[in-house]
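Let's take a walk through this fold together, from the overall layout down to a few individual side chains. Please keep the viewer open as you read.

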Amino acid sequence: MTPIRTLALALAATTMVGCASFKPGDKTAEAELKKFATVPGKSSLYVCREKAAFVAAGVSSNVLVNKQDVGTVKPNTFVHAIVEPGKHEVQLKNDGMMSVATPTISIETKPNELAFLWVGVTGGGWGVYTIDHFRNATEGMGCVADATYSVKAM
């Protein structure tokens, strides 16, 4: 086997290791989630990945809320979790060559609250792939409204 072919196969294998499995959610559940109704006494957490033009467009990430996998985000998708009010750790477990990066953020939620986190690339698409807070709930709702619901793949 030629060195170039060996390198190409090794690179392909490396990028496929740990690939996150994407599973679209039920369309009826998606429609209900997009109504943005609060859950009495609980917090409703949405994690939305923005559309991607080039940088990290092929990266899929499992979203872990308090170390529990709630689903996979790829460009233009979102996951949702109902959580107890309080402090939560949300982490991205990336696939392929991005698997060395595991962006993490803490969020404090309140009862009857809708909380939104953003996943994307900083710097207008040319920076770092990360997770962060939306500037406001309206931006979060806009991301979710335009995205496809994703659930944990079994």
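What percentage of the 154 residues of the chain count as buried? The answer is 39%, where buried means under 20% relative accessible area, exposed means over 50%, and partly exposed lies in between (1.4 Å probe, protein chains only). Do bear in mind that this is a predicted model, in which local features need pLDDT of at least 70 and side-chain atom pairs count only at pLDDT 80 or more, while totals for chains, interfaces and linings use all residues. Residues are numbered from 1 along each chain as its sequence is written, and side-chain values use heavy atoms, with hydrogens and water left out.

Now for the layout. The chain has four helices and ten strands; these are DSSP runs numbered from the N terminus, helices being H or I with at least four residues and strands E with at least two. Read from the N terminus, the order of elements is α-β-α-β-β-β-β-β-β-β-α-β-α-β. Among contacts with a separation of 6 or more, 70% come from residues 24 or more positions apart, a contact being heavy atoms within 4.5 Å. The accessible surface amounts to about 8500 Å², and carbon and sulfur atoms hold 59% of that (Shrake-Rupley method with a 1.4 Å probe; for residues, only the protein chains shown count as cover).

Next, look at the open sheet, where four strands are arranged in the order β4-β3-β6-β7 with antiparallel pairing. Two strands pair if DSSP finds at least two bridges between them. Because β4 and β7 stand at the edges with a single partner strand each, one side of each has no neighbour in the sheet. From one strand to the next, the twist averages 25°, with axes fitted as lines to C-alpha atoms (for helices over the stretch in contact) and angles running from 0 to 180 degrees between N-to-C directions. Five bridges connect β3 and β6, and S61 sits opposite N94 of β6. Between β6 and β7 there are six bridges; here K87 partners E108 and H88 partners I107.

Finally, turn to the largest nonpolar core, which has 20 residues. A nonpolar core is a set of buried Ala, Val, Leu, Ile, Met, Phe, Trp, Tyr and Cys residues joined through side-chain atoms within 4.5 Å. Which members touch the most others? They are L45, V47, V63, V90, L117 and I131. Strands β2 to β9 each supply at least two residues, and β8 gives the most, with four. Leaving out residues up to four places away in sequence, L117 touches several residues, including L45, V47, V90 and I131. There is also a second, separate core of 14 residues, with F78, W118, C143 and V144 among them.
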